[in-house]
Amino acid sequence: MSSFLWSANFFDFFRVRVPVPLSQWADEHRIVPAVGGSEPGPWRTSRTPYMRQILDDVTDPGVRQIVVCSGIQLGKTELLLNTCMYHMLHEPCPMMLVEPSDDLLVDIGADRIDSMIRVTPELRPLFGLTDEHKAKSTKTGNLKQYNKRFPGGYLKLASAHSESDLVSRSIRVIMCDEIDKYPAWGDGSAVDKATGRSSNFVNYKWIFTSSPSTLQNSEIWRRLSLTARYEYRIPCPHCGEPSQWVWSMVQWDHDADDNSDPYTARIVCPACGGVIKGAGAASDVLLATGSWVLVSGDRSRGAVGYHMSSLLSPWLPLSAIVDEFLSACHNRDIDRLKTFITDRLAEPWDERPAPWHDSGAAVEKSRFESSPRHETIAAITAGVDVQRDRIEVSFWGWGSNRESWVIKHDVVDGDPSIAATWDRFARVLFQWVDLADGRKMRISAACVDSGDGVLTQMVYRFTSQFEDLHVVSIKGRGGDLCPMFSAPSRRNAHKALLYVLGVDKIKEVIADRLNIRTVGPGYIHIPEALKDEYWAQLNAEKKEIMVERGRTVAVWKKLRERNEALDCAVYAFAAFELFCIGRRRASNIKAHTRRRIS
Ligand SMILES: [Zn+2]
């Protein structure tokens, strides 16, 4: 910085800069680092032709607000990085980038932005870096800080969860990333708090990006409806009719056994029926023939909105998108279907509760099985709920495609603050469970609730002894913003592995599965012996949509006092997802290994 301070470059920053279209500027100056960017090297707007107009709106003095509602793999983060770099070099000013979580803040702030600065010769001197710092990833200069200063301005990196981060000095360019994941504050949304910073600037700029959440709740969808809204229309190579690519234009073939084949996926022109593109990713040549068409609103008001589905992605093959859809449908996995709708099609999910649980309707007798068929059970997990005078445990069997069987529910009476109660409970937890097909199995994993506060230490003490058998402590957290599973920690006296569970999300999946009426993927089998009290407890809570602090939230309401069966179901579900499914098992093994070393 000091060498820079009195150089010609320093005074150069106080010149009045004429805005240059950002797409053109980025083509001339931006270098995409190997970290994070899918295609390292010089930036080429032509690779994502639909980004050209959006980039140029960033530097259009007539545009105050840009709303981008998009799916994944479209280059949305590059829009923010290009904006940052342009304002660091060409039009310095105070900027703020808000991310919905600390993880994302580190990812984009410490990794993507720092590596962009490191690989760009023009940016390095602004942050006190020399050419030798190019390849180094050590702490250097002004990097690794959440307030990146450069001559004429700074970039503040803020978390939407930190109220103090959002209350700061005047800021001209405010970028709010993934706004549908922001929490609500007591006095207005995090977005309102952030944008309140720019009132001193007549030439302020707001950029909002996100994939939408739910129809009832989506902030990006609401903001999009208030803008001059554009659609990206690409002319059909056969008849020339321009159309916006939507899911209803996607077709695929079936084989002789009526199985869907995603490799035959194609986008079909609604006007002439011709194939616009095949199963691969969209080519930049085809994408470049399209253009943004204003479909509603008035651009002169300064707010522009863009809606893009991942069908436009030059990196995501159509076959992969169709495969995701087919797999969610095949497994009757509503949670994955929801992710598909919101993150791929960039459309909000309609969150009206399913009718069965809404009406509390009587359940037909055939719902309960007098002679359950356990032949396809591959693993058993346990969910454990600890009460002041007893410990309750449900044993769940798991087959393929998340089909599951409630096998039994046991109650161990006794005071859990006494070690002897836990000794008796251990014998129940590790018993040989008799299956209907004559097999005997022991649990593969168990989650024990430690959230009570009074008995927490006893739970940690118990699970820390049996971690090698995949018995772990959990703590439930409500709210639709809490992820289903967070990274585990060991910050407790017994160094016990502790997972925080987003219990509301898990309850939603269980409610969806209880609503499945036919045996197959996702179906939950209930034995006849549990048709009364257990079934009532399993259905003890109902999802309600409420308005809280100006934001609609889903709240689980207790319909009756006893609900241990539902809690145990949540924990048995978590035990299966955490320890019996390949993709999560790897990270758990890592957590276990760390403990052995320490
Ligand atoms: Zn056509």
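A short chat about the fold and some of its contacts follows.

Q: What kind of model is it, and which pLDDT limits apply?
A: It is a predicted model; local features need pLDDT of at least 70, side-chain atom pairs count only at pLDDT 80 or more, and totals for chains, interfaces and linings use all residues. Residues are numbered from 1 along each chain as its sequence is written.

Q: How many helices and strands in the chain?
A: The chain has 19 helices and 29 strands. Both are DSSP runs numbered from the N terminus: helices are H or I with at least four residues, strands are E with at least two.

Q: And what share of the residues is buried?
A: Buried residues are 40% of the 598 in the chain. Buried means 20 or more other C-beta atoms within 10 Å of the residue's own, exposed means 12 or fewer, and partly exposed is in between, with C-beta atoms placed from the backbone.

Q: What about contacts between residues at least 24 apart?
A: They make up 69% of the contacts between residues at least 6 apart in sequence. A contact needs C-beta atoms, placed from the backbone, within 7 Å.

Q: Sheets next. What is the strand order in the open sheet of 8 strands?
A: The order is S18-S27-S21-S20-S19-S24-S25-S26, with mixed pairing. Two strands pair if DSSP finds at least two bridges between them.

Q: Which strands stand at the edges?
A: S18 (368–369) and S26 (498–502). Each has a single partner strand, so one side of each lacks a neighbour in the sheet.

Q: How do S19 and S24 run?
A: Parallel, with 4 bridges joining S19 (residues 379–386) to S24 (residues 445–449). Gly383 stands opposite Cys447 in S24.

Q: Which strands does H14 lie across?
A: H14 (residues 419–429) lies across S19, S20 (390–398), S21 (404–413) and S24, at about 155° to S21. Axes are lines fitted to C-alpha atoms, for helices over the stretch in contact, and angles run from 0 to 180 degrees between N-to-C directions.

Q: And H16? Which strands there?
A: H16 (residues 503–514) lies across S25 (471–477), S26 and S27 (524–527), running at about 60° to S26.

Q: Switching to S10. Which strands does it pair with?
A: S3 (residues 65–70) is one, running parallel to S10 with 5 bridges. S7 (residues 173–177) also pairs with S10 in the parallel sense over 5 bridges. Ile66 stands opposite Ile207 in S10, and Val173 stands opposite Lys205.

Q: Which residues point each way from S10?
A: Lys205, Ile207 and Thr209 point one way, Trp206, Phe208 and Ser210 the other, and all are buried.

Q: Where does Cys84 sit?
A: In H5 (residues 76–89). Cys84 is buried, with 23 other C-beta atoms within 10 Å.

Q: What does Cys84 touch?
A: Met95, Ile113 and Leu155, leaving out residues up to four places away in sequence. The C-alpha atoms of Cys84 and Met175 are separated by 9.3 Å, with the two residues 91 apart along the chain.

Q: Last one. How do H3 and H4 cross?
A: The axes of H3 (residues 22–29) and H4 (residues 51–58) come within 7 Å and cross at roughly 100°. That makes H3 roughly perpendicular to H4. Angles of 65 to 115 degrees count as roughly perpendicular, under 35 as roughly parallel, over 145 as roughly antiparallel and the rest as oblique.

Q: Which residues meet there?
A: Leu22, Ser23 and Ala26 in H3 meet Arg52, Leu55, Asp56 and Val58 in H4.

Conventions: Two residues are in contact if their C-beta atoms, placed from the backbone, lie within 7 Å.
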